[in-house]
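Subject: Structure handover

Dear colleague,

Please find the structure below. My notes on it follow.

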Amino acid sequence: MPDTLRAHPYLSKLTSYASSPNKVEDEGVTCRLCYNESPFGASPKAIEAIRNVAAGIHRYPEMSYRRLHEAIGKKHTIDPARIVCGAGSDDLLVLLMHAFIGEGDEVIHSEYGYSMYPVAPRIAGGVPVSVPEIDLRTDLNAMLRAVTPRTKAVLMANPNNPTGSWLTRAEINAFLRELPPHILFVYDAAYAEFMEESDYSDGLEWAGEQGRVVVTRTFSKIYGLSGLRLGWCYGSHAIVEAVNRVRPPFNVSLTAECAGVAALQDDAFAEKTRRHNAVWRERLFGELQQLGLKPYPSQGNFMLVRFSNPRHASDVFNYLKEQSILIRRMAGYGLADCLRISIGREEEMTALIKALHQYKGFKG
Ligand SMILES: Cc1ncc(COP(=O)(O)O)c(C=O)c1O
């Protein structure tokens, strides 16, 4: 491009995901336990819906996405008019930043928050502000102390990826009472469906009609539609209107729309996935402890495990990869002595656990 043509100077502070340390080399592996994907593929109902719509994909989707909004509204007993859908919840995160963040605005996130949090604000010229955690758990008081006159938003995943840690309803309620009312609170509940704790909130109760809370959700996890790209957010009319202003008109494909509607009707599939996840999450925790490692309690479909040092973590990663089992390195998150394991199918988990037990490096 000509020398005189320049992208926004603030983009120079941004590393694209494809060249970041979070990038995953996953070619040809048998057990792909690195992306927190669904162990059972997608709901058969969603796949059938995709087949059925295939002959009509020369048409644009219906512009208002009414059917999808109504299906989500019905499922969660929320107002369809206050829903916006996107190509995954990452898309919505970026749209929210474009709608609310200007150059120099500060956006607070937790130290080991989801990897898009230090990235998305920069896309809009904002400045991500990372707040230290306590033992891999979001420190809400430290977040409040990090608020400055330039703070415009807080991004928080509950439960959080990659740590798996979560915050209670009471903790978030107390936080919201103290957070100045002009600050947008993005509550990312990507793993809400996997939660088993009764004092957890999926956040929809806070996304009031007049409020500043916006909840993001995804079809990528329990519904197994990662590759299709579908997510949604729920907030006040004003927030939704702002997001709709920056949203391209057809940001969700017709295929994704139809599959999403069908997936929401497949309770049995979601329930099977939830139960499988709970069983293997507990089993994996026990196995990792038995090996003398430090797994972190998780409410997601993954588990973070700490090794004695970064070298040890790296050796185990490479050893597993040689056996065609790919888990996730955490150096990109600043957790080089940790690895993250997604909960896969039974045979994948069995292979992983067997391989770990055969690994000689744990003993002395
Ligand atoms: C906490 C969290 N939020 C959002 C996302 C993005 O999901 P999507 O596939 O909907 O963009 C992920 C994906 O792993 C995640 O872990």
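Pro159 sits in the loop that runs between β5 (151-157) and α6 (169-178); helices (H or I, at least four residues) and strands (E, at least two) are DSSP runs, numbered from the N terminus. The peptide bond joining Asn158 to Pro159 is cis, with omega about -5°. Pro162 is also placed in the loop between β5 and α6, and a cis peptide bond, omega about 20°, joins Asn161 and Pro162. Tyr65, in the loop between α1 (44-53) and α2 (66-76), is not a glycine but has a positive phi of about 50°. For context, most residues other than glycine have a negative phi, and most peptide bonds are trans.

A word on the source. This is a predicted model, in which local features need pLDDT of at least 70 and side-chain atom pairs count only at pLDDT 80 or more, while totals for chains, interfaces and linings use all residues. Residues are numbered from 1 along each chain as its sequence is written, and side-chain values use heavy atoms, with hydrogens and water left out.

On the ligand: 13 residues surround it, the closest being Ser89, Asn161, Asp188, Thr218 and Ser220 (a residue counts if one of its heavy atoms lies within 4 Å). By class, this shell has four nonpolar, five polar and four charged residues (Ala, Val, Leu, Ile, Met, Phe, Trp, Tyr, Cys and Pro are nonpolar, Asp, Glu, Lys and Arg charged, the others, Gly among them, polar).

Oxygen atoms of the ligand lie 2.6 Å from a polar side-chain atom of Ser220, 2.7 Å from one of Asn161 and 3.0 Å from a backbone N or O atom of Asp90. Taken alone, the ligand exposes 390 Å², and the protein buries 93% of that (Shrake-Rupley method, 1.4 Å probe).

The ligand takes up the space of the largest pocket (more than half of its atoms lie within 2 Å of the grid points). A pocket here is an open set of points on a 1 Å grid over the protein atoms alone, where a 1.4 Å probe fits, with protein on both sides within 12 Å along at least five of seven lines. The largest pocket holds about 510 Å³ of space (the volume filled by probe spheres set on the points). It is lined by 23 residues, and Tyr35, Asp90, Tyr114, Lys221 and Arg229 are the closest to its centre; lining residues have an atom within 4 Å of a point.

Regards

Key:
A polar contact is a pair of N or O atoms within 3.5 Å; within protein, one must be able to donate a hydrogen and the other to accept it, and residues adjacent in sequence count only if both atoms are side-chain atoms.
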